[in-house]
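Thanks for coming. Please have the sequence and the structure open while I talk.

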Amino acid sequence: MRFFRFRHFSSKLLLLLAGLMALVQVAVYLLISRANEAAAIDHIAQNLQTGALIFRQNLAERIAYLAGSAKVMSSDYPIRQLMMQDPLDPRTLRSALQTYSDRVRAPVITLFSLDGRVLALSDPELGEENAGPFGDLIKQATRDDMEQASGYSYLAGKLHVLVVVPLYAPAPNVAAWFGVAYPIDNKLAQAIKSTTRLEVTFTSDDPEEKTPRVLTTTLDPSMAAALALHKMAPKQGPLDSEMVTLNGEPYLTLFQEIELLGEAPVRIALQRSLNAELAPARELENKVLLISLAALAVATIAALWIARGVSQPLHQLADHTKHVAAGDYTRRINLDREDELGQLSAAFNQMTAGLAERDKVRDLLGKVVSPEIAAQLLQSDLQLGGEEREVTVLFSDLRDFTTLSEKLPPTEVLALLNRYLDRMSAVVEKHGGVVDKYIGDAIMALFGAPVAAADSAARALAAARAMGDALDDLNRELAAEGKAPLAFGIGINTARVVAGNMGSKTRLNYTVIGDGVNLAARLEALTKSPGYETAVIVSEATARAAGEVDTLRPLGGVTVKGKSERVNIYAVDIKSRPWPVRG
Amino acid sequence: MKTFRLLMLLACVGPTAARAAEFIAAVKDNKGAAVADAVVSLVPLDAATNSLLPPVGPRTEIAQENQEYSAYVTVVQAGSKIYFPNRDTVQHHVYSLSKAKKFELPLYNPGSVESIVFDVPGVVTLGCNIHDWMLAYVLVVPTPYYAKSDGAGAASVTAPAGRYRLEVWHPRLATTAVEEITLSDAAGLHRDFTLTLKPDRRIRRGPEGKNSGYR
């Protein structure tokens, strides 16, 4: 089932070329785009995993650094001097802790007694009530006899990483504890972002809180708020990431958790924008798209050009064909091309020429032979040999034409003869007869060949009578012209003869031969005999075939030359004219 | 003992008998900004420096207040005593590791006063053992003729006419500028000094509790 048919070859070619091109390019574009996206996601996922490791590493390093710094502090001479004093001087201790805070760049340094009481705190804004998490660490370190303990907790509502180390006096005797804290704040997030190129967001994950808080983020605040509310998809592996859409932008996100000291854990989201990762690839894709469009345009133009190159000559050929079909063989296609179309047009021209030739031949043939014979010749394979069939043969001959021709100049003789033959031939053809040949002033006509006809004899008789009328007409014209009248004799016989092409292989005639033909000629000769007093003599066979045996005037039997049997003959009295005056 | 005193008196009277001349210095850095705390000292070339008595005046002190030394730069003639009163709320532990004077004043409480005699000329850098940001300089000079530039970079020294070795010192100056000058009693001598100072590398005392480790 076809829904659409192309009226034009050019549109078909155009659709094919441009369509194929577009199809290939769309496929390529989609493949590239998909591959890029898959690669980007893969790349981000790897980055996220690396980022998570870097993040953990970063925190571990900070803990190690804090612990190391705290150890140096705890063995500093002045702190021992201050610790030696009794009672302790908290103000001086605090100013000393501020020095340490400056030295190690940790904002919170606290000195604890062995039982976890705050002795001094570097940050006056950070009250003793916030020292609780340090107490937990000190208990843990004391219990497990550790050289340091670390953990994460909120201090004054802000997330910190906490480390406690003992102040030895000397090791392994613990005299007091140092607590050092670093905020996990925007600076840390930015530091991680600058090394990993990942967005970092910390959110509280407290199930008691209705809306999780954004603790710190490198994202836009509204996006971070949306991220805080995002419910994590179940993960198969700890480093599996998921796609989170924030403000309409897809972010591949890796969620991690940090356990807090005695509190709900904190959720960390490491993210990278898919669009940002894809940006260079998108640029490439856009270039590919541009090139594709350009190629498509070129392909379209090329297709149009090619299609025009094919369809225009085809149009010409079609046009030409119409003319040829209408019988105009004079036109020629002129395509200046070497290709198949050029060959086709050349062949077409040859064909036209051939057709013109054939037509000419046919025309000429019609003139040389009768149209029926011409048709028979053109239809058949022009083979020598013939077939036996019943025909009626009519012979006519002008009386005294030799004498006449001697009196007149030859051109006039020919003109007169042609005039006579033309009239007679017309009458013969009108009655379905075929002029087989002219023999000088004689006419040999066939009825029932080449086209078989049952009433050939009747037709021949009718023709003979009409010929008489025609001769009368001609004689009247001649009389008017002051010329002598013409007279003829006609012999008609109906017999089985052989009809067909006779002659050599290169030149042949359609004719009939046989005794019957000779008889017709003999009968015509008999009309010269004054005794018969008739211009038309037919054989009994013809009279019978025409159904006129009883109406025609019987002339008795004759034995003609070359024939052993007697033949009954009849006279057809044509009204035309008296029977010949001259012999 | 009597003879020594007499000699000292003579030495003292000798130069002062001559008419005093004023040396005025204007100190700038190479950007044209006035330089404060630059010390200009004139060491007499025609008299033995050890014969010069310290000028009689108010006692010199470097106080500790609000966890800072009260004067960043202090100039004294060699042999002078400097008092270190603790007017703070916390204890301090003053120390010096300088060649000209190595000493420490171990942790002492607010309200106490300690003192140290500086008898060797040179630069003495003072620190505090528990407060890294506390820093002060004592320039000990072998002459009573010295001055410290003020906020406008001006320093003026009055000294008897004569030949002097002029020295200009500043904590951030790589090498002390030295030249010879002659003061006549007619008019004061004005000199402009342009010093190329090293960048200020003092430890800034962080705002309390606002430190964060992430640089």
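In chain A, 34% of the 583 residues are buried. A residue counts as buried if 20 or more other C-beta atoms lie within 10 Å of its own, as exposed if 12 or fewer do, and as partly exposed in between, with C-beta atoms placed from the backbone. For chain B, buried residues make up 34% of 215 residues.

A word on the source. This is a predicted model, where local features need pLDDT of at least 70 and side-chain atom pairs count only at pLDDT 80 or more, while totals for chains, interfaces and linings use all residues. Residues are numbered from 1 along each chain as its sequence is written, and chains are lettered from A and ligands numbered from 1 in the order in which they are written.

Next, the secondary structure. Chain A has 14 helices and 18 strands, and chain B has one helix and 17 strands. Helices (H or I, at least four residues) and strands (E, at least two) are DSSP runs, numbered from the N terminus.

Now contacts. Two residues are in contact if their C-beta atoms, placed from the backbone, lie within 7 Å. Take the contacts with a separation of 6 or more: in chain A, 62% of them join residues 24 or more positions apart, and in chain B the figure is 65%.

On to the interior. A nonpolar core is a set of buried Ala, Val, Leu, Ile, Met, Phe, Trp, Tyr and Cys residues joined through C-beta atoms within 7 Å. The largest one here has 110 residues, and those with the most contacts inside it include A:Phe178, A:Val180 and B:Leu139. Helix H1 of chain A, residues 9-74, gives the largest share of this core, with nine residues. What is A:Val180 in contact with, leaving aside its neighbours within four places in sequence? Among its partners are A:Leu66, A:Ala70, A:Val108 and A:Val163. Apart from this core lies another, of 55 residues, including A:Ile443 and A:Val538. In soluble globular proteins, nonpolar side chains tend to be buried together.

Now look at strands in chain B. Two strands pair if DSSP finds at least two bridges between them. An open sheet of three strands in chain B has the order S3-S7-S10, with mixed pairing. Why is one side of S3 and of S10 left without a neighbour in the sheet? Strands S3 (60-61) and S10 (113-118) of chain B stand at the edges, so each has a single partner strand. S3(B) runs parallel to S7(B), residues 80-85, and two bridges join them. B:Thr60 has B:Ile82 in S7(B) as its bridge partner.

Elsewhere in chain B, S8 (residues 92-98) and S9 (residues 101-108) pair in the antiparallel sense over six bridges. The two form a hairpin with two residues between them, and B:Tyr95 stands opposite B:Glu104 in S9(B).

One loop residue. B:Gly32 sits between strands S1 (20-29) and S2 (39-44) of chain B. Is B:Gly32 buried or exposed? It counts as exposed, because it has 8 C-beta neighbours inside 10 Å. Its C-alpha atom is 7.7 Å from that of B:Thr194, 162 residues apart along the chain.

Last, confidence. pLDDT is the predictor's confidence in each residue, from 0 to 100. Chain B averages 83, and 82% of the residues score at least 70. Over residues 1-17 of chain B the pLDDT stays under 50, and the model has six contacts beyond four places in sequence for them. The model scores ipTM 0.76 and pTM 0.58.
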